[in-house]
Amino acid sequence: MKLIVAMSSLLLATVSQAQEAPRSAPAPSPDVKIVAPQLDTYTRELLFGDVWKRKELSPRDRSLVTLSSLLANGQSALMTGHLNLALDNGLLPKEISALITHLAFYTGWPNAMSAVGVAKAVFAQRGIQIATPSSEPASLLTPDAESEKHRRAAVAAATSGVAPDLGNYTNEVLFGDLWRQSDLTPRDRSLITMAALIARGQAEQLPFHLNRAMDSGLTREQAGEVVTHLAFYAGWPRAMSAVPVIKAVFESREK
Amino acid sequence: MKLIVAMSSLLLATVSQAQEAPRSAPAPSPDVKIVAPQLDTYTRELLFGDVWKRKELSPRDRSLVTLSSLLANGQSALMTGHLNLALDNGLLPKEISALITHLAFYTGWPNAMSAVGVAKAVFAQRGIQIATPSSEPASLLTPDAESEKHRRAAVAAATSGVAPDLGNYTNEVLFGDLWRQSDLTPRDRSLITMAALIARGQAEQLPFHLNRAMDSGLTREQAGEVVTHLAFYAGWPRAMSAVPVIKAVFESREK
Amino acid sequence: MKLIVAMSSLLLATVSQAQEAPRSAPAPSPDVKIVAPQLDTYTRELLFGDVWKRKELSPRDRSLVTLSSLLANGQSALMTGHLNLALDNGLLPKEISALITHLAFYTGWPNAMSAVGVAKAVFAQRGIQIATPSSEPASLLTPDAESEKHRRAAVAAATSGVAPDLGNYTNEVLFGDLWRQSDLTPRDRSLITMAALIARGQAEQLPFHLNRAMDSGLTREQAGEVVTHLAFYAGWPRAMSAVPVIKAVFESREK
């Protein structure tokens with residue numbers, strides 16, 4: 001099949017970069033072959049056989065990005081398989097809890113509430129228990145004072161005269177508390193925020209978070225691979241609309 | 001916990017403005033505490049303990065905004081609790097019917113159809129019957145003739161050469177019939193339209209409807225609070241993208 | 001009822017253009033009348049009684065557009081009735097498979113996977129079997145060499161320095177393989193891509209696909225009717241945001 005030829009050339013291009021496959025190899029539902037055989041082929045050979053194995057992002061990062069896209073678009077019904085895959089790929093249960101909590105703020109409470117129900121079933125099936133937070137004060141991460149000062153002032157200026165208390169919540173709770181929680185690294189928080197923004201079609205808010213992600217260690221190659229991965233999970237147009245925004249951020253960092 | 005400290009300062013800022021809590025206090029599902037304990041804390045202390053109690057919008061208005069956001073984003077599975085809360089907050093069953101009908105036009109028929117199924121179960125459980133419209137001519141509201149003339153002409157101009165019948169449906173059905181129904185006030189129709197636009201990420205269409213809302217009595221403070229409330233239900237980025245659009249409308253009205 | 005009067009004038013305007021109704025007349029769920037009687041009236045008289053009967057698009061095209069909108073917005077729960085209607089309107093089962101496969105790329109794999117489950121049940125109920133692709137090389141359509149050369153170069157330029165492999169997937173798989181499959185005509189692929197873009201609120205990517213659709217035979221009148229139809233399925237704001245983009249494309253083609 002010519003499809004195979006075209007795809008093989010892509011596979012050849014990446015085969016030398018292949019890394020160990022995730023422990024549980026994902027596979028499409030048997031229904032896909034019955035209803036849309038070509039989609040089954042694409043899913044096996046292209047998505048799971050090629051994209052997920054590319055070395056530009058680790059399987060754990062791909063799981064963070066995939067779960068963020070599913071949650072962001074309210075596709076919790078499809079999270080069961082990907083939560084199991086994420087755990088197999090090394091994501092910790094407490095990191096999944098933190099992802100759901102973080103994305104409640106970035107994609108709205110209802111999406112997080114739907115994800116809670118699915119995660120509960122997966123955790124129960126695997127015998128996972130999430131520890132209750134202790135009554136001790138949590139040790140919060142300390143952001144860079146100078147950049148935090150600028151960020152706070154920018155938020156206050158943006159919201160003044162319209163929604164000053166939205167600015168207060170942003171400064172006191174979102175950045176003053178959520179982002180400082182230590183159950184996800186700042187780099188991972190930036191990664192899932194970026195993924196949610198791209199998946200929801202809000203590339204206009206990407207520059208701040210992409211810069212923040214790169215300040216926390218995300219490489220250019222990884223940023224490009226996030227958008228490549230998301231083409232498959234949020235659709236080509238969402239990815240393609242993010243590309244010029246990312247390009248502009250890369251260029252602005254060279255100056 | 002530092003979270004509590006940060007949030008308490010917000011609570012302190014608003015506690016003097018607190019008004020009577022809605023009759024049925026909303027609470028997160030017990031699953032939230034099991035899966036994501038910190039999200040449970042945020043939900044109890046921040047969302048239900050603080051945001052819903054802020055005086056800038058009445059509980060009834062918050063229910064209108066929340067239901068609109070859920071319907072607009074196809075999150076009907078989460079509407080059961082919020083329909084009950086809305087009825088407890090004083091929203092009339094016929095107003096809920098009108099909201100679903102209105103948002104069929106503004107967010108698409110499928111979202112409205114999903115909401116119908118959920119509302120039917122809630123209405124049945126509470127013994128609510130919606131009256132069939134009489135065969136008498138409904139008394140329609142009469143819009144201001146001058147502004148209506150301008151609106152009609154703008155719609156006709158925008159759609160001419162591309163989709164003139166979309167212009168006709170807009171003028172004859174959407175504004176000529178739906179907006180003139182008396183089962184929701186014009187101010188409430190504007191409020192739910194604004195909420196749906198922000199929740200769906202279509203801030204570009206907000207100026208017309210925000211101006212219309214303010215012409216019908218929505219205050220600046222209420223408009224700002226709509227976007228603050230929606231940060232929690234549709235996610236921070238949707239709210240933050242709406243803020244500069246709202247600011248520009250406020251400024252344009254000062255001239 | 002004044003509603004009826006206003007709508008009748010629309011009906012009168014189009015009645016002379018009416019064509020044969022689709023074989024199975026669609027009807028709203030009986031729940032709609034119970035919960036929101038006016039929405040029931042709009043659905044019967046306006047959506048099914050008028051819009052679906054307009055001659056500017058064939059019933060088969062309307063089914064392609066409607067299914068694309070539902071899939072694009074993750075509304076697979078509502079696809080059962082519309083899949084049956086689509087088959088009644090002459091859409092072939094293999095075309096439905098191809099639509100689901102195509103929109104996996106354009107709206108993300110998860111939406112396609114959800115649609116697979118619904119389509120499987122509809123196909124099973126109607127005794128439809130989708131043939132497995134033969135192991136013979138599929139005969140792929142051959143795109144125009146000159147325009148394909150420009151398209152490839154534009155994709156490579158857009159993605160270079162950010163996500164070059166997203167460019168490769170776009171050129172080798174999306175356009176090099178998916179678009180060349182013969183189970184949907186290029187005109188139909190463009191139609192469903194346009195519908196998905198409008199339904200997802202991504203009018204910014206419409207010019208390329210609208211031009212491609214018109215190069216494949218979509219008329220201006222049909223393009224305008226796609227957006228009119230989508231006003232009802234994806235909501236008025238999505239349609240209205242697409243109108244100026246379509247107008248600009250029409251104008252650019254006159255030069």
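Among the contacts in chain A between residues at least 6 apart in sequence, 72% join residues at least 24 apart, where two residues are in contact if their C-beta atoms, placed from the backbone, lie within 7 Å. This is a predicted model, in which local features need pLDDT of at least 70 and side-chain atom pairs count only at pLDDT 80 or more, whereas totals for chains, interfaces and linings use all residues. Residues are numbered from 1 along each chain as its sequence is written, while chains are lettered from A and ligands numbered from 1 in the order in which they are written.

The secondary structure of chain A consists of 13 helices and zero strands; helices (H or I, at least four residues) and strands (E, at least two) are DSSP runs, numbered from the N terminus. Of the 255 residues of chain A, 51% count as buried, a residue being buried if 20 or more other C-beta atoms lie within 10 Å of its own, exposed if 12 or fewer, and partly exposed in between, with C-beta atoms placed from the backbone.

Turning to the copies, a rotation of 120° with 0.0 Å of shift along its axis superposes chain C on chain A, with an RMSD of 0.0 Å. The two copies are therefore related as by a three-fold rotation axis, the superposition being made by least squares on the C-alpha atoms of residues with pLDDT of at least 70 in both. Chain B, too, can be laid on chain A by a turn of 120° and a shift of 0.0 Å along the axis, with an RMSD of 0.0 Å.

How many residues does the contact take from chain C and from chain A? It takes 45 residues from chain C and 42 residues from chain A. On the side of chain C that touches chain A, the elements that give two or more residues are α6 (93–107), α7 (109–125), α8 (145–159) and α9 (164–174) of chain C, and the largest share, ten residues, comes from α7(C). Only 4% of the interface residues of chain C are also interface residues in chain A, so the copies meet through different surfaces.

The contact between chain B and chain A takes 42 residues from chain B and 46 residues from chain A. Here the elements of chain B that give two or more residues to the side touching chain A are α1 (2–15), α2 (30–35), α3 (37–48), α12 (220–234) and α13 (236–252), with the largest share, nine residues, coming from α13(B).
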